[in-house]
Amino acid sequence: MQIGKVIRRYRKEKRMTQEEMASRLGVTASAVNKWENDNSYPDITLLAPIARLLGISLDRLLSFREE
């Protein structure tokens with residue numbers, strides 16, 4: 001699963017709008033929209049805050065699976 005789909009899935013599970021997520025992360029709603037549509041990726045410095053906000057691990061956010 002791509003990071004945008006993970007962000008969208010867990011954001012919706014938290015019943016959070018793109019605007020709310022953007023406000024909490026200090027980015028624009030347009031940026032969140034671009035992440036979710038795989039038009040761009042979050043800055044690496046935002047990965048941990050995104051995971052915390054969504055209540056998931058970084059491994060889950062990045063769709064890491066140990067083989």
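Trainee: Which residues of helix H3 are buried?

Mentor: In this predicted model, the buried residues of H3 are Ala 31, Val 32, Trp 35 and Glu 36.

Trainee: What makes these residues line one face of H3?

Mentor: Viewed along the axis of H3, the buried residues fall within an arc of 135 degrees, so they line one face of the helix. They pack against H1, H2 and H4. Just after H3, Asp 38 adopts a positive phi of about 55 degrees.

Trainee: Why is Val 32 counted as buried?

Mentor: Burial requires a relative accessible area under 20%. Val 32 has a relative accessibility of 0%, and therefore counts as buried. This residue lies in H3.

Trainee: Which residues is Val 32 in contact with, leaving aside its neighbours within four places in sequence?

Mentor: With those neighbours set aside, the contacts of Val 32 are Gln 18, Met 21, Ala 22 and Val 27. As for Glu 13, it is 19 residues from Val 32 in sequence, and the two C-alpha atoms are 16 Å apart in space.

Trainee: Gln 18 is a polar residue by class. How do you know whether Gln 18 is buried or exposed?

Mentor: The value to set against the cut-off is a relative accessibility of 16%. Since buried means under 20%, Gln 18 counts as buried. Gln 18 lies in helix H2. Beyond its neighbours within four places in sequence, Gln 18 is in contact with Arg 11, Ala 29, Val 32, Asn 33 and Glu 36.

Trainee: Which residues of H2 are buried, and what puts them on the same side of the helix?

Mentor: The buried residues of H2 are Gln 18, Met 21, Ala 22 and Leu 25. Around the axis they cover an arc of only 100 degrees, which puts them on the same side of H2. On the other side of H2, the residues Glu 19, Ser 23 and Arg 24 are exposed. The buried residues pack against H1, H3 and H4. After H2 comes Gly 26, with a positive phi near 75 degrees.

Trainee: Why is H2 called roughly perpendicular to H3?

Mentor: The axes of H2 (residues 18-25) and H3 (residues 29-36) come within 8 Å and cross at roughly 110 degrees. Angles of 65 to 115 degrees count as roughly perpendicular, so that is how H2 stands to H3. The crossing in which H2 passes H3 is right-handed.

Trainee: Which residues make this contact, and from which helix does each come?

Mentor: H2 contributes Gln 18, Glu 19, Met 21, Ala 22 and Leu 25, while H3 contributes Ala 29, Val 32, Asn 33, Trp 35 and Glu 36. Sorted by class, the contact has six nonpolar, two polar and two charged residues.

Trainee: What can be said of helix H4: which of its residues are buried, and how do you know that they line one face?

Mentor: In H4 (residues 47-54), the buried residues are Leu 47, Ile 50, Ala 51, Leu 53 and Leu 54. Down the axis of H4 they fall within an arc of 165 degrees, so they line one face of the helix. Their cover includes helix H1 (3-13), H2, H3 and helix H5 (58-61). H4 is followed by Gly 55, which has a positive phi near 70 degrees.

Trainee: At what angle do H1 and H4 pack, and what would that angle be called?

Mentor: The angle is about 30 degrees, and the axes are 10 Å apart. H1 passes H4 in a left-handed crossing. In this contact, Ile 3, Ile 7, Tyr 10 and Arg 11 of H1 meet Leu 47, Ile 50 and Leu 54 of H4. By class, these residues divide into six nonpolar, no polar and one charged.

Trainee: Why is Tyr 41 called exposed?

Mentor: Exposed means over 50% relative accessible area. The value for Tyr 41 is 62%, and therefore Tyr 41 is exposed. Tyr 41 is found in the loop between H3 and H4.

Trainee: Which residues does Tyr 41 touch, not counting those up to four places away in sequence?

Mentor: With that exclusion, Tyr 41 touches Ile 3 and Trp 35. Tyr 41 and Ile 3 are 38 residues apart along the chain, and their C-alpha atoms are separated by 7.9 Å.

Note on methods:
Residues numbered from 1 in each chain as written. Predicted model: local features only at pLDDT ≥ 70, side-chain atom pairs only at ≥ 80, totals over all residues. Heavy atoms only, no water. Axes fitted to C-alpha atoms, helices over the stretch in contact; angles between N-to-C directions. Helix = DSSP H or I, 4+ residues; strand = E, 2+ residues; numbered from the N terminus. Parallel < 35°, antiparallel > 145°, perpendicular 65-115°, else oblique. Left-handed = near helix turned anticlockwise from the far one by under 90°. Contact = heavy atoms within 4.5 Å. Buried < 20%, exposed > 50% of the residue type's maximum accessible area, 1.4 Å probe, protein only. Arc of directions from axis to C-beta.
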